[in-house]
Amino acid sequence: MLQPLVVGLGRSGSGLHLNTLVRLARRTAATGDPLFALPAVGCDPRAGALRTVGMSDEVTAVTTLEQALQHVDPATAVVHVCTPPRLRYDLLAELAGHGFRRMIVEKPLAASADELDALIRLRQESGLDLVAVAHWTTSQLAGRMRRLVGGGRLGSLRRITVDQHKPRFLRSLATDGHPSALDVEIPHSLALALDLAGPAELRAARWWDLRCEDRGLPRLGGAHVELEHRSGVVTLLRSDLGAPVRQRSVVCEFEGGTATAHFPLSEDDDHAQLVIAPFDRGTAAPPAGVLDANGVPGVGHHVFRDDALTDFLDGAYRGFASGAAGVGNFPLACATARLLCAAREHCAVTPRARAGSR
(Lines give C-alpha, C1' and ligand atoms only; values in the text may rest on other atoms or scores of the structure.)
Protein backbone atom coordinates (compact mmCIF):
# COMPACT_ATOMS: atom_id res chain seq x y z
CA MET A 1 0.00 0.00 0.00
CA LEU A 2 1.33 3.42 -0.97
CA GLN A 3 1.76 6.11 1.71
CA PRO A 4 1.87 9.89 1.16
CA LEU A 5 4.72 12.09 2.35
CA VAL A 6 4.06 15.82 1.90
CA VAL A 7 7.21 17.96 2.07
CA GLY A 8 6.45 21.64 2.59
CA LEU A 9 3.39 22.51 4.67
CA GLY A 10 2.52 25.96 3.43
CA ARG A 11 -0.69 26.82 1.67
CA SER A 12 -0.13 24.26 -1.08
CA GLY A 13 1.14 21.36 1.02
CA SER A 14 -1.13 21.68 4.03
CA GLY A 15 -4.13 23.61 2.76
CA LEU A 16 -4.47 21.73 -0.53
CA HIS A 17 -2.51 18.47 -0.74
CA LEU A 18 -3.01 17.13 2.79
CA ASN A 19 -6.66 18.12 2.96
CA THR A 20 -7.33 16.59 -0.46
CA LEU A 21 -5.45 13.40 0.41
CA VAL A 22 -7.52 12.93 3.56
CA ARG A 23 -10.77 13.41 1.60
CA LEU A 24 -9.58 11.04 -1.12
CA ALA A 25 -8.53 8.39 1.40
CA ARG A 26 -11.95 8.53 3.06
CA ARG A 27 -13.72 8.34 -0.30
CA THR A 28 -11.77 5.39 -1.68
CA ALA A 29 -11.88 3.51 1.63
CA ALA A 30 -15.66 3.89 1.70
CA THR A 31 -15.92 2.24 -1.73
CA GLY A 32 -13.66 -0.64 -0.71
CA ASP A 33 -10.88 0.47 -3.08
CA PRO A 34 -8.29 2.28 -0.91
CA LEU A 35 -5.51 3.98 -2.90
CA PHE A 36 -3.05 4.57 -0.07
CA ALA A 37 -2.56 4.18 3.65
CA LEU A 38 -2.98 6.84 6.31
CA PRO A 39 -1.60 8.52 8.28
CA ALA A 40 0.08 10.70 5.70
CA VAL A 41 3.32 12.26 6.85
CA GLY A 42 3.77 16.03 6.63
CA CYS A 43 7.32 17.37 6.77
CA ASP A 44 8.26 21.00 7.38
CA PRO A 45 10.64 22.76 9.80
CA ARG A 46 7.60 24.71 11.02
CA ALA A 47 5.38 21.63 11.26
CA GLY A 48 4.39 22.20 14.88
CA ALA A 49 2.86 25.58 14.08
CA LEU A 50 1.11 24.71 10.82
CA ARG A 51 -2.37 23.65 9.94
CA THR A 52 -2.62 19.94 10.43
CA VAL A 53 -4.96 20.62 13.35
CA GLY A 54 -8.06 18.43 13.21
CA MET A 55 -6.31 15.64 11.28
CA SER A 56 -4.28 14.16 14.14
CA ASP A 57 -5.28 10.58 13.32
CA GLU A 58 -4.70 11.03 9.59
CA VAL A 59 -1.52 13.14 9.48
CA THR A 60 1.80 12.74 11.30
CA ALA A 61 3.75 16.03 11.35
CA VAL A 62 7.55 15.99 11.49
CA THR A 63 10.17 18.69 11.12
CA THR A 64 12.97 16.91 9.20
CA LEU A 65 13.31 14.36 6.44
CA GLU A 66 15.27 12.13 8.84
CA GLN A 67 12.23 12.06 11.13
CA ALA A 68 9.98 11.34 8.16
CA LEU A 69 12.06 8.28 7.31
CA GLN A 70 11.04 6.81 10.66
CA HIS A 71 7.40 6.82 9.49
CA VAL A 72 7.58 6.04 5.75
CA ASP A 73 9.36 3.50 3.58
CA PRO A 74 10.82 5.07 0.40
CA ALA A 75 9.88 1.91 -1.50
CA THR A 76 6.16 2.51 -0.94
CA ALA A 77 6.02 6.28 -0.43
CA VAL A 78 4.62 8.94 -2.74
CA VAL A 79 6.35 12.26 -2.04
CA HIS A 80 4.43 15.48 -2.62
CA VAL A 81 7.05 18.20 -3.15
CA CYS A 82 5.35 21.45 -2.14
CA THR A 83 8.37 23.63 -1.36
CA PRO A 84 9.05 26.93 -3.20
CA PRO A 85 10.43 26.59 -6.76
CA ARG A 86 13.93 27.77 -5.82
CA LEU A 87 14.26 24.86 -3.36
CA ARG A 88 12.96 22.10 -5.63
CA TYR A 89 15.98 20.57 -7.30
CA ASP A 90 18.14 20.14 -4.19
CA LEU A 91 15.23 18.54 -2.35
CA LEU A 92 14.44 16.18 -5.23
CA ALA A 93 18.09 15.12 -5.38
CA GLU A 94 18.09 14.50 -1.61
CA LEU A 95 14.89 12.47 -1.82
CA ALA A 96 16.28 10.40 -4.70
CA GLY A 97 19.40 9.76 -2.62
CA HIS A 98 17.22 8.25 0.12
CA GLY A 99 15.57 5.91 -2.37
CA PHE A 100 12.29 7.74 -3.00
CA ARG A 101 11.11 7.24 -6.58
CA ARG A 102 7.45 8.30 -6.78
CA MET A 103 7.06 12.08 -6.65
CA ILE A 104 4.32 14.64 -7.24
CA VAL A 105 5.92 18.06 -7.77
CA GLU A 106 4.13 21.39 -7.46
CA LYS A 107 4.36 23.86 -10.34
CA PRO A 108 6.59 25.10 -11.78
CA LEU A 109 9.04 22.20 -12.02
CA ALA A 110 12.15 24.39 -11.77
CA ALA A 111 13.17 28.00 -11.23
CA SER A 112 15.64 28.15 -14.13
CA ALA A 113 16.49 26.42 -17.39
CA ASP A 114 19.68 24.99 -15.85
CA GLU A 115 17.72 23.52 -12.94
CA LEU A 116 15.19 22.03 -15.34
CA ASP A 117 17.96 20.36 -17.36
CA ALA A 118 19.47 19.01 -14.12
CA LEU A 119 16.06 17.70 -13.06
CA ILE A 120 15.59 15.91 -16.38
CA ARG A 121 18.98 14.22 -15.91
CA LEU A 122 18.14 13.32 -12.30
CA ARG A 123 14.85 11.78 -13.37
CA GLN A 124 16.59 9.63 -15.99
CA GLU A 125 19.57 8.61 -13.89
CA SER A 126 17.57 7.83 -10.73
CA GLY A 127 14.56 6.26 -12.43
CA LEU A 128 12.08 8.70 -10.91
CA ASP A 129 8.37 8.35 -11.62
CA LEU A 130 7.71 12.08 -11.48
CA VAL A 131 4.35 13.82 -11.91
CA ALA A 132 3.90 17.59 -12.08
CA VAL A 133 0.76 19.00 -10.49
CA ALA A 134 -1.55 19.74 -13.43
CA HIS A 135 -5.12 19.60 -12.21
CA TRP A 136 -6.22 22.33 -14.63
CA THR A 137 -5.30 20.21 -17.65
CA THR A 138 -6.76 17.01 -16.16
CA SER A 139 -10.00 18.65 -15.02
CA GLN A 140 -13.36 17.76 -16.51
CA LEU A 141 -13.64 21.34 -17.75
CA ALA A 142 -10.37 21.07 -19.69
CA GLY A 143 -11.52 17.73 -21.09
CA ARG A 144 -14.68 19.31 -22.47
CA MET A 145 -12.65 22.16 -23.94
CA ARG A 146 -10.27 19.68 -25.63
CA ARG A 147 -13.18 17.82 -27.16
CA LEU A 148 -14.66 21.09 -28.36
CA VAL A 149 -11.36 22.07 -29.97
CA GLY A 150 -10.96 18.67 -31.59
CA GLY A 151 -14.59 18.27 -32.60
CA GLY A 152 -14.62 21.20 -34.99
CA ARG A 153 -18.17 22.24 -34.18
CA LEU A 154 -17.18 25.91 -33.93
CA GLY A 155 -14.42 25.71 -36.53
CA SER A 156 -10.71 26.18 -35.90
CA LEU A 157 -9.42 27.62 -32.64
CA ARG A 158 -7.96 31.09 -33.19
CA ARG A 159 -7.24 32.70 -29.81
CA ILE A 160 -7.08 31.87 -26.11
CA THR A 161 -7.36 34.51 -23.38
CA VAL A 162 -6.93 33.50 -19.75
CA ASP A 163 -7.69 35.73 -16.76
CA GLN A 164 -6.49 34.61 -13.33
CA HIS A 165 -7.03 37.42 -10.87
CA LYS A 166 -7.21 37.49 -7.09
CA PRO A 167 -6.19 39.67 -4.14
CA ARG A 168 -2.97 38.10 -2.85
CA PHE A 169 -1.69 40.78 -0.50
CA LEU A 170 -1.48 38.83 2.77
CA ARG A 171 0.38 35.79 1.38
CA SER A 172 2.77 37.94 -0.64
CA LEU A 173 3.57 40.04 2.43
CA ALA A 174 3.94 37.02 4.73
CA THR A 175 5.98 34.64 2.55
CA ASP A 176 8.76 34.75 -0.02
CA GLY A 177 8.18 31.38 -1.67
CA HIS A 178 7.33 32.79 -5.10
CA PRO A 179 9.85 35.19 -6.64
CA SER A 180 7.38 36.69 -9.12
CA ALA A 181 3.77 36.64 -10.31
CA LEU A 182 4.89 34.34 -13.13
CA ASP A 183 5.25 31.55 -10.54
CA VAL A 184 1.85 31.86 -8.86
CA GLU A 185 -1.09 31.38 -11.27
CA ILE A 186 0.48 31.53 -14.74
CA PRO A 187 1.88 27.94 -14.71
CA HIS A 188 -1.67 26.52 -14.58
CA SER A 189 -2.94 28.51 -17.54
CA LEU A 190 0.28 28.14 -19.53
CA ALA A 191 0.08 24.35 -19.34
CA LEU A 192 -3.58 24.47 -20.36
CA ALA A 193 -2.84 26.70 -23.37
CA LEU A 194 -0.10 24.31 -24.55
CA ASP A 195 -2.44 21.38 -24.05
CA LEU A 196 -5.25 22.98 -26.07
CA ALA A 197 -3.26 24.66 -28.85
CA GLY A 198 0.05 22.81 -29.00
CA PRO A 199 3.70 23.95 -28.77
CA ALA A 200 4.35 27.69 -28.66
CA GLU A 201 6.99 30.39 -28.66
CA LEU A 202 7.07 33.38 -26.34
CA ARG A 203 6.02 36.64 -28.00
CA ALA A 204 6.07 38.97 -25.00
CA ALA A 205 6.00 38.99 -21.19
CA ARG A 206 5.90 41.58 -18.43
CA TRP A 207 5.38 41.76 -14.69
CA TRP A 208 4.73 44.59 -12.24
CA ASP A 209 5.04 45.33 -8.55
CA LEU A 210 2.42 44.77 -5.86
CA ARG A 211 1.68 47.90 -3.85
CA CYS A 212 -0.03 47.87 -0.45
CA GLU A 213 -0.27 51.12 1.53
CA ASP A 214 3.33 52.33 1.69
CA ARG A 215 4.98 49.04 0.72
CA GLY A 216 5.94 47.65 -2.64
CA LEU A 217 6.76 44.03 -3.46
CA PRO A 218 8.83 43.71 -6.65
CA ARG A 219 7.42 41.54 -9.45
CA LEU A 220 4.46 40.25 -7.40
CA GLY A 221 1.68 42.54 -8.61
CA GLY A 222 0.85 40.50 -11.68
CA ALA A 223 2.05 39.34 -15.07
CA HIS A 224 1.08 39.07 -18.72
CA VAL A 225 2.41 36.43 -21.11
CA GLU A 226 1.77 36.31 -24.87
CA LEU A 227 2.35 33.15 -26.90
CA GLU A 228 2.25 32.22 -30.56
CA HIS A 229 1.50 28.54 -31.16
CA ARG A 230 2.77 26.58 -34.14
CA SER A 231 -0.87 25.84 -34.90
CA GLY A 232 -1.44 29.56 -35.53
CA VAL A 233 -3.33 30.14 -32.28
CA VAL A 234 -2.41 33.22 -30.25
CA THR A 235 -2.63 33.10 -26.43
CA LEU A 236 -2.74 35.89 -23.86
CA LEU A 237 -2.34 34.98 -20.19
CA ARG A 238 -3.22 37.67 -17.63
CA SER A 239 -2.81 37.46 -13.86
CA ASP A 240 -3.44 40.39 -11.49
CA LEU A 241 -2.55 39.56 -7.88
CA GLY A 242 -3.78 42.92 -6.62
CA ALA A 243 -7.26 42.56 -8.06
CA PRO A 244 -10.28 43.32 -5.85
CA VAL A 245 -12.15 40.21 -7.03
CA ARG A 246 -11.32 36.62 -7.99
CA GLN A 247 -11.54 35.36 -11.55
CA ARG A 248 -10.40 32.16 -13.24
CA SER A 249 -11.71 32.18 -16.77
CA VAL A 250 -10.55 30.97 -20.18
CA VAL A 251 -12.05 32.35 -23.39
CA CYS A 252 -11.45 30.29 -26.52
CA GLU A 253 -12.26 32.14 -29.72
CA PHE A 254 -13.04 29.93 -32.72
CA GLU A 255 -13.86 30.72 -36.33
CA GLY A 256 -17.52 30.15 -35.57
CA GLY A 257 -18.06 31.15 -31.96
CA THR A 258 -16.66 31.33 -28.44
CA ALA A 259 -16.35 29.04 -25.45
CA THR A 260 -15.89 30.65 -22.03
CA ALA A 261 -14.71 28.34 -19.26
CA HIS A 262 -14.91 29.29 -15.59
CA PHE A 263 -12.79 27.22 -13.22
CA PRO A 264 -13.81 26.90 -9.54
CA LEU A 265 -12.41 29.85 -7.61
CA SER A 266 -11.45 28.05 -4.41
CA GLU A 267 -12.05 24.93 -2.33
CA ASP A 268 -15.30 26.55 -1.17
CA ASP A 269 -17.06 25.26 -4.30
CA ASP A 270 -16.06 22.59 -6.80
CA HIS A 271 -18.39 23.42 -9.71
CA ALA A 272 -17.13 24.53 -13.11
CA GLN A 273 -19.03 26.36 -15.81
CA LEU A 274 -18.72 26.40 -19.60
CA VAL A 275 -20.64 28.81 -21.83
CA ILE A 276 -20.67 28.06 -25.56
CA ALA A 277 -21.98 30.68 -27.96
CA PRO A 278 -21.80 30.18 -31.76
CA PHE A 279 -21.77 33.19 -34.07
CA ASP A 280 -24.26 31.33 -36.27
CA ARG A 281 -27.24 30.29 -34.17
CA GLY A 282 -28.01 27.66 -36.78
CA THR A 283 -24.88 25.68 -35.92
CA ALA A 284 -25.75 22.02 -35.57
CA ALA A 285 -25.53 20.95 -31.96
CA PRO A 286 -27.31 18.86 -29.35
CA PRO A 287 -29.81 20.61 -27.09
CA ALA A 288 -28.44 23.42 -24.93
CA GLY A 289 -26.21 22.24 -22.10
CA VAL A 290 -25.98 18.63 -23.36
CA LEU A 291 -22.95 16.55 -24.44
CA ASP A 292 -23.17 14.65 -27.71
CA ALA A 293 -22.25 10.99 -28.12
CA ASN A 294 -18.54 11.89 -28.30
CA GLY A 295 -18.68 14.05 -25.18
CA VAL A 296 -18.49 17.31 -27.15
CA PRO A 297 -20.48 20.01 -25.34
CA GLY A 298 -23.35 21.67 -27.13
CA VAL A 299 -24.42 25.30 -27.28
CA GLY A 300 -25.48 26.87 -23.99
CA HIS A 301 -24.48 27.11 -20.35
CA HIS A 302 -23.02 23.97 -18.75
CA VAL A 303 -22.64 23.72 -14.97
CA PHE A 304 -21.10 20.59 -13.47
CA ARG A 305 -19.10 19.35 -10.52
CA ASP A 306 -15.35 19.33 -11.14
CA ASP A 307 -13.23 18.52 -8.08
CA ALA A 308 -10.07 18.71 -10.18
CA LEU A 309 -7.34 18.32 -7.55
CA THR A 310 -8.99 15.29 -5.96
CA ASP A 311 -9.44 13.65 -9.36
CA PHE A 312 -5.86 14.53 -10.32
CA LEU A 313 -4.41 12.90 -7.19
CA ASP A 314 -6.67 9.90 -7.68
CA GLY A 315 -5.28 9.47 -11.20
CA ALA A 316 -1.69 10.03 -10.08
CA TYR A 317 -1.86 7.37 -7.36
CA ARG A 318 -3.46 4.89 -9.72
CA GLY A 319 -0.66 5.66 -12.17
CA PHE A 320 1.95 5.05 -9.48
CA ALA A 321 0.32 1.72 -8.70
CA SER A 322 0.66 0.74 -12.36
CA GLY A 323 4.24 2.07 -12.57
CA ALA A 324 3.82 4.81 -15.16
CA ALA A 325 2.23 7.84 -13.54
CA GLY A 326 4.38 10.53 -15.12
CA VAL A 327 4.77 9.18 -18.67
CA GLY A 328 2.32 11.57 -20.35
CA ASN A 329 2.50 14.39 -17.83
CA PHE A 330 6.24 15.16 -17.73
CA PRO A 331 6.84 16.46 -21.29
CA LEU A 332 4.07 19.05 -20.96
CA ALA A 333 5.40 20.10 -17.56
CA CYS A 334 8.88 20.59 -19.04
CA ALA A 335 7.53 22.62 -21.96
CA THR A 336 5.61 24.79 -19.50
CA ALA A 337 8.69 25.31 -17.32
CA ARG A 338 10.84 26.26 -20.31
CA LEU A 339 8.39 28.91 -21.46
CA LEU A 340 8.20 30.27 -17.90
CA CYS A 341 12.00 30.52 -17.86
CA ALA A 342 11.90 32.39 -21.17
CA ALA A 343 9.26 34.74 -19.76
CA ARG A 344 11.38 35.42 -16.64
CA GLU A 345 14.40 36.18 -18.79
CA HIS A 346 12.35 38.51 -21.00
CA CYS A 347 10.90 40.36 -18.01
CA ALA A 348 14.32 40.70 -16.37
CA VAL A 349 15.58 42.86 -19.25
CA THR A 350 12.32 44.75 -19.81
CA PRO A 351 11.39 47.80 -17.69
CA ARG A 352 8.70 46.83 -15.17
CA ALA A 353 5.23 48.19 -15.73
CA ARG A 354 3.80 50.54 -13.13
CA ALA A 355 2.23 48.92 -10.06
CA GLY A 356 -1.29 47.68 -10.57
CA SER A 357 -1.02 47.70 -14.38
CA ARG A 358 -3.29 45.21 -16.13
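Me: In what order do the six strands of the open sheet come?
Reply: This is a predicted model. The order in the sheet is S3-S2-S1-S4-S5-S6, and the pairing is parallel.

Me: Which strands sit at the edges?
Reply: Strand S3 (59-62) and strand S6 (129-132). Each of them pairs on one side only.

Me: How much are neighbouring strands turned against each other?
Reply: By 20° on average, ignoring direction.

Me: How many bridges link S5 and S6?
Reply: Four, in the parallel sense. S5 covers residues 102-105.

Me: What stands opposite valine 105?
Reply: Alanine 132, in S6.

Me: Which helix packs on the sheet there?
Reply: Helix H8, residues 308-322. H8 touches strand S1 (3-7), strand S4 (77-81), S5 and S6. Its direction makes about 160° with that of S5.

Me: New topic. Which residues touch the most other members of the largest nonpolar core?
Reply: Ile160, Leu182, Val250 and Cys252. That core has 42 residues.

Me: Which helix gives the most to this core?
Reply: Helix H7, residues 186-197, with six residues.

Me: Back to leucine 182. What is it in contact with, leaving aside neighbours within four places in sequence?
Reply: Pro187, Trp207, Ala223, Val225, Leu340, Ala343, Arg344 and Cys347.

Definitions and conventions:
Residues numbered from 1 in each chain as written. Predicted model: local features only at pLDDT ≥ 70, side-chain atom pairs only at ≥ 80, totals over all residues. Heavy atoms only, no water. Pairing = 2+ DSSP bridges. Helix = DSSP H or I, 4+ residues; strand = E, 2+ residues; numbered from the N terminus. Axes fitted to C-alpha atoms, helices over the stretch in contact; angles between N-to-C directions. Contact = heavy atoms within 4.5 Å. Core = buried A, V, L, I, M, F, W, Y, C linked by side-chain atoms within 4.5 Å. Buried < 20%, exposed > 50% of the residue type's maximum accessible area, 1.4 Å probe, protein only.
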